[in-house]
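This briefing goes through one model step by step, with a sheet and some helices as its topics. Please keep the structure in view while you read.

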Amino acid sequence: MIMAEKIDREDWLDFVMDTLEVAEATGPIDNVREVAPDIVPTPKMVREYFSSHLYPYPERMSIREYYQQKLWLQVELVKLQNWVQETGQKIVLVFEGRDAAGKGSTIKRFMEHLNPRWARVVALEKPTTEERGQWYFQRYINKLPSKGEIVFFDRSWYNRAGVEHVMGFCSPDEYQQFLVQAPTFEQMLVNSGVRLIKFYLSVSRAEQARRFVERETNPLKQWKLSPIDLEAQQKWDEYTEAKNAIFEHTNSDVAPWTIVKSEDKMRGRIETMRYVLGRFGYDGRNSEIVGAADPLIVTEVDNLLDSSGKLQWVD
């Protein structure tokens, strides 16, 4: 029997880190154009990297660096939650994106050390017969936060403009009505005191295909694979058109969209945490730890508009 005191601390740390995220992708990253560490990204550079779907880092974030950064950012998230509860804030974080983009896993890392009494995840099943007879937004209203709460939407009301639209689960009239009503609905939320942040997690076609294969072969992830997932690759262009329409019709000053490059899930999670923490002036905030989100990984849709106001983005 090996005594605990004889185990080297660094070896033990390596073992723990290697076992906690064993399912993460380790393959190559597509469309890499490396950026030197001393380069400060300009707005033009940000538009180019997002519009051409370029990735700035040739290597995925190491598991050691990931855990070290995640730990300290999660400490900041606990501070944020305490501030939200004490001041009666109401925060909604919406996570959208293609299948296998990493929405659920990102939310999971946000939630790991938060008090579940004041933070919860909403991931609704398909509407019931009763819900299909209601105003479309009605079933989401009951899931909104009360004072002091943080709510994470793992997919949201944008199902109507994404999956439902592409797969033919809603009528053209219902789709058009949603695009008209969504900005008003979100304006009402913000006017009522809700702090609304909307993320779209972006992933390349090749990376999505790799993750689908992983879901097929990994018994711990097979539950994630659905018939709709299997059609996602074949309907790639249709989902791209739907995504662009969402940005065109529902990006607003009060509820802007923020895009996260999720090609490397771990780096994407870290930068998403930084972005959220940077949005709030909570008590005890450690600015050195929070820093600023990497603009080549996380950026707002407004930063990708050309001079005519049109979105320049290839996906």
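Axes are lines fitted to C-alpha atoms, for helices over the stretch in contact, and angles run from 0 to 180 degrees between N-to-C directions. The model discussed here is a predicted one, and its chain averages a pLDDT of 90, with 88% of the residues scoring at least 70.

**Helix 7 and helix 8**

- Helix 7, which covers residues 160-167, packs with helix 8, which covers residues 172-191, at an angle of about 165°, and their axes are 10 Å apart.
- Because angles over 145 degrees count as roughly antiparallel, helix 7 is described as roughly antiparallel to helix 8.
- The crossing in which helix 7 passes helix 8 is left-handed.
- On the side of helix 7 the contact involves R160, A161 and H165, and these meet E174, Y175, F178 and L179 in helix 8.
- Sorted by class, the residues of this contact between helix 7 and helix 8 are four nonpolar, one polar and two charged.

**Helix 7 and helix 11**

- Helix 7 also packs with helix 11, at an angle of about 145° and with the axes 9 Å apart.
- The crossing of helix 7 and helix 11 is right-handed, whereas helix 7 passes helix 8 in a left-handed crossing.
- From helix 7, the residues A161, G162, V163, H165, V166 and M167 take part, and they meet E238, Y239, A242 and I246 in helix 11.
- The contact of helix 7 with helix 11 is made up of seven nonpolar, two polar and one charged residues.

- Six strands form an open sheet in the order 2-3-1-4-5-6, and their pairing is mixed.
- Strand 2 (119-122) and strand 6 (298-300) stand at the edges with a single partner strand each, so one side of each has no neighbour in the sheet.
- From one strand to the next, the twist averages 20°.
- Strands of a sheet pair through backbone hydrogen bonds, either parallel or antiparallel.
- Strand 2 pairs with strand 3 (residues 149-154) in the parallel sense over four bridges, and A119 has I150 in strand 3 as its bridge partner.
- Helix 11 (residues 236-250) packs on the sheet, where it touches strand 4 (194-202) and strand 5 (257-261), and the direction of helix 11 makes about 145° with that of strand 5.

**Where to read with care**

- Over residues 1-7 the pLDDT stays under 50, and for these residues the model has two contacts beyond four places in sequence.
- Where pLDDT is low, the predicted coordinates should not be read in detail.

Key:
Residues numbered from 1 in each chain as written. Predicted model: local features only at pLDDT ≥ 70, side-chain atom pairs only at ≥ 80, totals over all residues. Heavy atoms only, no water. Helix = DSSP H or I, 4+ residues; strand = E, 2+ residues; numbered from the N terminus. Parallel < 35°, antiparallel > 145°, perpendicular 65-115°, else oblique. Left-handed = near helix turned anticlockwise from the far one by under 90°. Contact = heavy atoms within 4.5 Å. Nonpolar A, V, L, I, M, F, W, Y, C, P; charged D, E, K, R; others polar. pLDDT = per-residue confidence, 0-100. Pairing = 2+ DSSP bridges.
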